[in-house]
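Me: I am new to this structure. Please show me how to read its features one at a time.

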Amino acid sequence: MEDCLAKKMEITVSEAEKRTGRNAMNMQETYTAYLIETRAVETQSEGQCAPVDSLWRRYSEFELLRNYLSVTYPHIVVPPLPEKRADFVWHKLSADNMDPDFVERRRIGLENFLLRVASHPVLCQDKIFYSFLTQEAGWKEMVNETGFQLKADSRLKALNATFRVKNPDKRFTELKHYSDELQSVISHLLRVRARVADRLYGVYKVHGNYGRVFSEWSAIEKEMGDGLQSAGHHMDVYAASIDDILEEEEHYADQLKEYLFYAEALRAVCRKHELMQYDLEMAAQDLTTKKQQCEELATGTVRTFSLKGMTSKLFGQETPEQREAKIKVLEEQIQEGEEQLKSKNLEGRDFVKSAWADIERFKEQKNHDLKEALISYAVMQISMCKKGIQVWTNAKECFSKM
Amino acid sequence: DASLAEVNSFSPSMPISPSSMINQYKFEDEPEQRDLFITVDDPESHITALETFITYRVLTKTSRGEFDSSEYEVRRRYQDFLWLKSRLEEAHPTLIIPPLPEKFIMKGMVERFSEEFIETRRKALHKFLNRIADHPTLTFNEDFKIFLTVQAWELSSHKKQGPGLLSRMGQTVRAVASSVRGGGAKNRPEVFTEMNNYMETFSQKISVLDKIAHRIYKEEREYFNEMKEYGPIHTLWSASEDDVADCLKGVASCIDKCCKATEKRMAGLSENLLPILHEYILYSEILMGVLKRRDQIQGELDSRVDALTNKKTEKDLFSEEIGRLEDKVEYANNVLKADWDRWKQNMQRDMRATFTNVAENNLRYYEE
């Protein structure tokens, strides 16, 4: 952790700008570009700041970076990006990608993503990541040159492995269940929270109507007039206060959303393990079959049914020379296979070890972050109640003077 | 004295004793001056061959001399209350008679015999009788006394003795005729025109307030429904976690507490604010009616005066009648003015109390 990039470099995503340009199909499109500013942290300097470097990136480039990292470091739980489209919105917020509030929240999310990568002991050392932050031109080409897309496992292959693997590490199976549960519970929570926010908004805003009626009513009253009028004012304050309260809550929702997306990253690591394990199992099985075949040929006994065996029975046995040749080939293959199996085993064990280390790191991070988020949520609620108390105390005073 | 006013918080199953009755009612005067205590409770349904109806127990305790006994218990049905109200209106056309709960509320689609409906009606009937008892003039009305004291069968026979249907119709005809003539409006003293204008605006504002209050209640109910689902999700989540589980469970229990607090707040609204607003909506109608009746009485006087100026003969006859009518009008006006002031004071106090109550409920909610 002491060597990670975040300690050496200040990273911010400071601005967002609407741009228009031409896309790959030469059609005009509007997109948002984000300004990434970096500055070296001089621990010894007093009052002297290093110059700020900056470059612009758009969301699709962030996506490219993340895909690269996921493929290149399959044993790492790669931090997720903020959502592409606004989801879990309650009615007041728009689901429009160009909406300034959405853009602002996305800017914060992208900054958070970069900081997480920069604080990760393994990821922060990646060169592509570094150039993402510092080299505007030619970065895309650099990424593509790594050929990472070729290394990516096909979705179909991964799915196949998930169903057919026989002996995955139990911890990964548990982890997969956990990430499924996490995803389902957080999305449920976010959905209900959005509905609760909607309703709360309604309650507060209707109180605003009181303000207007009280004011109109106070016009015809003599003794009650002043009390009504000032009470009405407090009702207006009450109704207006909900906007800030809910904006703060959005931030909390975003923190939860990050972990919703982290669930997918966890699943990706589990899938990789399953794939490797399946590969291993297939290789082992293949080796066993070959060994058996070899034995059969050598001893002339047919233990397993095979079409070849049948045909040779029907059409006559092969010559001893042919048999010798076959056995030689098989022996070579067996030797290759055994070496492969050994290396695959090693790979698999390494993967499990390093993946599990990162998973432990992730678990600690998650527990810490969730606790903080829940605490800040509680603080928000308390502040909302304090505001409520203030408004209604004032209103009560006005009412009692009526 | 406002500091002695207590918000009406009546519970039907309380044991009735004079001291506990004191705690149940809202006072206008010092407690020592009150000498008539009335409760309405214990609804019971009766099924006959022709109809099904509800009766309420009306319990009266008094120290007044004109009452033969100090305690009375009778059963009355809604029709009986209607009768009482119309008798009071006849006897005191320009006094402000308190409102009765409506016959049947279409808006809420409430079953006629649903518990909620019966309870709301019972509370309103209770308030009705107590407001009459508090009224300096109405409290001594003879029909009121009869209503409180006689048994059911006696009441039916007394009702039949009242002014016949024909005479009541005659009154109505005269009233319509007078209003067609635009009676009373042209010679109306300034103060009553002011009252009229005030009432128009007031009734508008009150009905808007009523709508707002209902809307708030509805929104709070929806909020409550969503919150009910919100808490358990956190508990569910805590089952998958170990380190964060306690935090999550804590949040879940807090949310449940918020739910309960919301329920309390809603109850406060429906028990205090909504009924009062509704009562004052009814009051607006009543007051408009009272002002109209005053105009009618004035109208009668005016028409007679007009007739007099046209027919010089039969002067004596007319002048006597006119004198009588003038007295009537003056009496009516004074009585109305006094009652109006009283009503306004009451209204002020009611509004003050009820909105303060709303504020207190909200405070309690937020503190919880």
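Reply: Start with one term: a residue counts as buried when its relative accessible area is under 20%, as exposed when it is over 50%, and as partly exposed in between. Keep in mind that this is a predicted model.

Me: F148(A): buried or exposed?

Reply: F148(A) has a relative accessibility of 4%, so it counts as buried.

Me: How is a pair of aromatic rings described?

Reply: Two values are used, the distance of the centres and the angle of the planes. Planes over 60 degrees apart count as edge-to-face. Over all chains, the structure holds 15 aromatic pairs. In one of them, Y68(A) and F148(A), the ring centres are 5.6 Å apart and the planes stand at 85 degrees, so this pair is edge-to-face.

Me: Where do Y68(A) and F148(A) lie in the chain?

Reply: Y68(A) belongs to helix α2 (residues 59–72) of chain A, and F148(A) to helix α6 (residues 148–151) of chain A. They are 80 residues apart, and the pair links distant parts of the chain. Y68(A) is buried as well, because its relative accessible area is 7%.

Me: What kind of pair do F81(B) and F147(B) form?

Reply: F81(B) and F147(B) form an edge-to-face pair, with 5.0 Å from centre to centre and 70 degrees between the planes. This pair links distant parts of chain B: F81(B) is in helix α2 (residues 78–91), F147(B) is in helix α4 (residues 142–149), and 66 residues separate them. F81(B) is buried at 0% relative accessibility, and F147(B) is buried with a relative accessible area of 0%.

Me: Which residues have the most contacts inside the largest nonpolar core?

Reply: They are I186(A), Y210(A), F214(A), W217(A) and W237(B), in a core of 92 residues. At least two residues of this core come from each of α8 (170–218), α9 (225–299) and α11 (320–400) of chain A, and likewise from each of α7 (190–240) and α8 (245–310) of chain B. α8(A) gives the largest share, 20 residues.

Me: What does K85(B) touch?

Reply: Leaving out residues up to four places away in sequence, K85(B) touches I97(B), P98(B), P99(B), L100(B), F128(B) and I286(B). One polar atom of the K85(B) side chain lies 3.1 Å from the backbone oxygen of P98(B). K85(B) is in helix α2 of chain B, and its relative accessibility is 13%, so it counts as buried.

Me: How far apart are Q229(A) and H251(A) in sequence and in space?

Reply: Q229(A) and H251(A) are 22 residues apart in sequence, and their C-alpha atoms are 36 Å apart in space. Q229(A) is placed in helix α9 of chain A and is partly exposed at 40% relative accessibility. Not counting residues up to four places away in sequence, Q229(A) touches S215(A) and S218(A). The side chains of Q229(A) and S218(A) are joined by a polar contact of 3.5 Å.

Conventions
Residues are numbered from 1 along each chain as its sequence is written. Chains are lettered from A and ligands numbered from 1 in the order in which they are written. Side-chain values use heavy atoms; hydrogens and water are left out. Rings of Phe, Tyr and Trp (its six-membered ring) pair if their centres lie within 6.5 Å; planes under 30 degrees apart count as stacked, over 60 as edge-to-face and the rest as tilted. Helices (H or I, at least four residues) and strands (E, at least two) are DSSP runs, numbered from the N terminus. Buried means under 20% relative accessible area, exposed over 50%, partly exposed in between (1.4 Å probe, protein chains only). A polar contact is a pair of N or O atoms within 3.5 Å; within protein, one must be able to donate a hydrogen and the other to accept it, and residues adjacent in sequence count only if both atoms are side-chain atoms. Contact means heavy atoms within 4.5 Å. A nonpolar core is a set of buried Ala, Val, Leu, Ile, Met, Phe, Trp, Tyr and Cys residues joined through side-chain atoms within 4.5 Å.
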